[in-house]
Structure formats: structure tokens, C-alpha cells
Amino acid sequence: MNTSTAIPPKSTAKAVQQQEAPHLTGGFFLTDFMDPKDLFISEEWTEEQQMIAELVMDFCEREVQKPFFKRGRELEISRPEDREEVMAVFQKAAELGLCSVSIPEEYGGMGLDFNTGVLFSEAIAGGFSFATTIGAQTSIGSLPIVFYGTEAQKQKYLPGIASGELIAAYALTEPSAGSDANAGKTRANLSADGSHYLLNGQKIWITNGGMADVFIVFAKIDDDEDLSAFIVEKAFGGITIGKEEKKMGIKASSTVQLFFDDCPVPVENLLSGRQAGFKIALNILNTGRIKLGAGGVGGAKMSVTRSVQFAKERKQFGQAIATFGAIRHKIGDITTQAFALDAALYRTGHMVDEKTQAFLASGMEAGEAKLSAVREFAIECAILKTKGAELACYATDEAMQIHGGMGYAAETGMEMGYRDARITRIYEGTNEVNRMLSVAELSKRTLKTKEIDLVKAGKAIPGFLLKSFLPFKSAAPMDHAERLVQGMKYCFLLISGVAGKKLRKELVEAQEIVLNLADILAETYVAESVWLKLHKLHLSPNNDPKMRQIKQQMMELSLYEARDTTHKAAKDAINSFATGFQRRLLLVVVNRLLPGSAMNPMKLRRAVADYVIEKGEYPF
Ligand SMILES: Cc1cc2nc3c(=O)[nH]c(=O)nc-3n(C[C@H](O)[C@H](O)[C@H](O)COP(=O)(O)OP(=O)(O)OC[C@H]3O[C@@H](n4cnc5c(N)ncnc54)[C@H](O)[C@@H]3O)c2cc1C
């Protein structure tokens, strides 16, 4: 690292930083390998960070889970008799400081670093609907002001949001503008005296909307092509708040429609510049996405703990169901997936922090530095959102299954978790949109901005293939894992390269193939992250060799699964665009890039499950 204290000029900052730490470039994982020493792993949390996570988890247990069991049913904000209790829980969360995690200290916030904020999102998953409520307050509802607000706007709104005195919401979606967010019809027209904008239009699905005091509202000024963003107070008037939506899950979380009828917004409440709203919306969603991924990891870990506790108690055929292979399979599987995604999650969160530091050192302003750093890892954030949401849904489904009929009964809360998890695949950009976005962002950085050279990286494929015909001498699982991860990267490079050449612009329309590519990309990132994590753990062995062995087994199992998912996606893509000799050749090459392994998945899953069952909770 360059230890010089001189501040490089802004224009060269990025180049300097990339020279110093190439892994701090988004998408770098595809073309190169990160030094495991540079990887952050969740075993490295400081005591203070662990305390924050424990405080949040304690809160969720005390104020959300225990009252749920006592009451015997979930809170529904659409029921007037529950509303007060929902508000009371929110106030208790605020008193503990849970609304202030993303707000800088000078405005009354905790000023946490980014990765601790991600950890917070994992911990708050135990709050079920409250994870959504607090998430909207600390992320999409307040970050537009943190990152884009003027000093006066920050002074005016952030302290109130941090203390919970003001409840915040983010209003982007409209009846005709969901995934196509820029298609909104809400209009902002300047008043005759130029002192304020008059907002007219309708927003739907607005989290916290029924209880909010401040809304970040996106609207087009006159006939602008792009959205602008406004800070709108409920007190401005001209806002009608719809009834609470009846939803499948997150029933304690407020979700409403908003109707604006000549709502007067002072001109000084325009956020950033005119037509800057679409950029704000996209950038804020990047932050929200990694946090949603964290929620998925938190939900999965909690599912493991609840399932293990139940499976040890519940007896059938004269024995605890935890002894059955079918149950151990599920416990081993969810645990392994949570462990692997944890590796990718905190790797990314830490890289955002490192990149922020690099931008700060280049002279960038604090908010812009953080935002640019998250933006840098937009590909990884989209992957984490998708994988986290899928994991949350899978884990809560299987946890419910482990509970049998009791899982279906409202009183255990398992079906609530299942219903609550489902929304994560839909909001903050649907999983399909996020998967396509990860590939689109990568191709932009390859073809347009030329930050990543996929063609150069792909040139190494023939050499790798030649080597694959030689007997692979090493018996070390880590070497096998490295070879597989490299093969997965080449698999993406190969298929995207050939499909791109063959289909050209038509590839964008062939969404099925793009989604195959997105799946390979996501599998590769997570597989590499868990493999790197094990590398790091081997470099500094912890005191518990048994635990390290289990982690090694989870890594092997993760890669075993990732290989098969990648293989299926690769095969689907090839069969969708290639024919004849090209098709046959590509399929042969993919088989060489992704050799199957002779490991015993039953043995690995059982080893993981037995360890978790012995500990009685998710122990890693
Ligand atoms: C409980 C809840 C809370 C929410 N909270 C908020 C909030 O606080 N603020 C806010 O602004 N919004 C919020 N939303 C809205 C949410 O972000 C949108 O629902 C989401 O972005 C999807 O938009 P849509 O519902 O219009 O679906 P659509 O965009 O109509 O999508 C329908 C289907 O089509 C697919 N699809 C769409 N476009 C494409 C494409 N180009 N290619 C391929 N497939 C495509 C989607 O993947 C999906 O499967 C919330 C939604 C819910 C349900």
C-alpha cells in the first residue's frame, strides 16, 4: 500500500486506488483472484460490533418475538387495535437508537461504518415485519437526505429521523411504474410565484406510508424525461393516505397508497438537482439491496436455530426427528447456504468501506465517497439481494417443513416467517430485474466504460483447458476448490463471450440466457467468497479445530452445489443459442471447466447438521 499522505488529485484517485488494491473494483472477482488476506470475514467482528448485533437481536427477541408468543398471533397494522402496539414497538426501537444507524454522528446518528450497518440488517431480521419498518426508516427513507441533501436539509430532517421523532418513507412506485421506475406519472409544477412545487399524482406500496411524517417522493417536473426527488412533509397538506393494504406477510409493516393533490413542496425541498431523482433512486436501491441480502442471511440463521431446537424435542417413531437423515439434510443445507452467503455479504460490505476510505483519501466528500463506493459494487449488491431473498424463502420454507403441522399453525410463527420472507424476492427491484441488472452492469463496464477486460481474461481459457487434460496431482480439497472456482469464472466468460458474439444486440432480448448468465455470475461470486474465507481461516487457524473442519466441509458442500447449479445454467444457455458443432463443442468445454467431484454430499451435510444439532443453534 502507498503510505504517502499526499492527497492525489480527484481525477486520478480512481486509477491510483485501482493500482493499489485491484479487488476494490466492482466485478473484479470475475477476472482475477483476491488475496485472501484482503478479505474480511465475519469471524473478525470486533467486540463493539458484536455488541451492536446482540443489542439488536435482544430487542427483536424481547419486543417482537416474546410478545408474539404471548399474544398467540401476529400484529396487523391494518387492525386499529394493533396499530398502537406497532407504534409503541417502533418508539422503543427508536429509544434504543435503532433508527440512527445510517445517519452521521453530526446529525444525531450512530455514524456506523457500512459493514456494521450490514451486520445490523442481519440482526434486525429477527424483528420480522419490523425489519421492513426499520429498514425503510434507516435505508431508503433517510439515505437520500444523507447522501444528496443540502446542509440545511440534513440539519432539518436527519436528527428527527435518527431519534425516531420523524418516521420516514420512500415513495417511488406508481400504478404504471414498478420495475420501470422512471415511467411515473406524478408531476411537480412550479407555482406562479416560484416558491414551491405543486405535486399531483399517486404512489402505491409505500412502506411506512401510513405512519410517516416525511416522504422522499419522486416526480417529474413539467415534461422532464427523468424524475426529480423531493422531501415532502405530511404537514404540507394535499396528501391523502390510503388504507393499510391487506398483504400476504409483513402485516405489522405499514404499506399504503399515497395521493397527492396540489401538495405544496417548498423549492428548497428539491433533493439534489432537477432530474437527479432517477440516479438517486437507483443509487439508494444499491444500498438497500445489500442490506436485504443481509436480512436473508439473518432469517436463514434464525430458521436453523428454531428448526434445531424443535427437531431435538419432537419425537416420532420413538426418536427425536433431528436424528433422521431427511431432517439433517435440511439443517445441513440451510446452514451451509447461510454460511456461504455470509462470506460474500461481509466481503462486499468491507470492500465498500475500504473503497469509501480510498475515495475519502482522494479528497471526496464523505457522503459522496460512501455512495460512490456502494455504486462501485452494484453488481455484487444485486447478487446479494437476489441470493439473500432466495435463501430467506428457501430457509423459512424448509424450517416450516421441519416443524410439520406445527409449522403450519400460526402459533409457532414459522408460517409467519415464511410469508414475511416472500416479499424480499419482489421489492427493492424484483429478483429477475436484479439478476438482469448484474449482467447489464457488467457488460456496461466491459463494453462502455472499459473498467473490466473480460476478453483479456477469457484468453486464458485455452491454457486452462489444456491443463485440465493432464492428471490433477493435488489431493488437497482447497486446490480442487480453486480449480473449480476458476472454471466457473471461465464458464461465464466463455458463454457470455460466445453468446454476445452470436446474438449481439439480440442477447438483451434473450432474457432467459441473460438470467442463466446471472445465475452463473452469482454462483461464482458466492463460491469464490466461501473458498477465500476458508483460505483465510487456514492462514490463521482458530482454536477450535472441529469448527474449522465443519467450515471446511461447508465450503466443499457449497462448491459441490454451486458447480451443479452453474452447470445447469450453462447447459441451458448453450442449448438456447447454439446449434450443431458449436453446441456440442461448448458443452464439452463446459464439462471440462466444471469437473464433477467424487465427494459424498450426504456425509458432508450430516457432519454439518450433527455439529449444529449438538450446539443447539446456528453456531458460526
Ligand atoms: C409490501 C411492499 C412494500 C413495498 N415498499 C415500497 C416502498 O417503500 N417504496 C416504493 O417505492 N415501492 C415499494 N414497493 C414496490 C416494489 O418495489 C415493487 O412492487 C417492485 O419494484 C415490482 O414492481 P411491480 O409490483 O410494479 O411489478 P412489475 O414491475 O409489474 O413486475 C411484474 C413481473 O414482471 C417482471 N418484470 C418487470 N419488468 C421486467 C423486465 N424488464 N424484464 C423481465 N421481467 C420483468 C417482474 O420481475 C415481475 O415478475 C413495495 C412493494 C410491496 C409489495
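Is Asp 262 buried or exposed, and how many C-beta neighbours does Asp 262 have inside 10 Å? I took this up at the start of my reading of the model, which is a predicted one.

**Entry 1: Asp 262.** I counted 11 C-beta neighbours inside 10 Å, so Asp 262 is classed as exposed, the cut-off for that class being 12 or fewer. I located Asp 262 in strand β7, residues 255-266. I noted a phi near 50° for Asp 262, a positive value in a residue that is not glycine.

**Entry 2: Glu 428.** I then turned to Glu 428, where phi is also positive, at about 60°, although the residue is not a glycine. I placed Glu 428 in the loop between α14 (414-422) and α15. Glu 428 counts as buried because 26 C-beta neighbours lie inside 10 Å. As background, I recorded that most residues other than glycine have a negative phi.

**Entry 3: domains.** I found the chain divided into domain 1 (11-37 + 278-432), domain 2 (47-163), domain 3 (168-276) and domain 4 (441-615). I noted 43 Å between the C-alpha centres of domain 3 and domain 4.

**Entry 4: ligand.** I looked up the 21 residues around the ligand and found that Leu 172, Gly 178, Ser 179, Trp 205 and Thr 207 come nearest. By class, I recorded 11 nonpolar, 8 polar and 2 charged residues in the shell. I saw that β1 (168-171), β3 (196-207) and α15 (431-448) each supply at least two shell residues, and that β3 gives the largest share, 3 residues. The ligand lies between domain 1 and domain 3, because both give residues to the shell around it.

Terms used
Residues numbered from 1 in each chain as written. Predicted model: local features only at pLDDT ≥ 70, side-chain atom pairs only at ≥ 80, totals over all residues. Near = placed C-beta within 6 Å. Helix = DSSP H or I, 4+ residues; strand = E, 2+ residues; numbered from the N terminus. Nonpolar A, V, L, I, M, F, W, Y, C, P; charged D, E, K, R; others polar. Domains from an automatic or database assignment. Buried ≥ 20, exposed ≤ 12 C-beta atoms within 10 Å, placed from the backbone.
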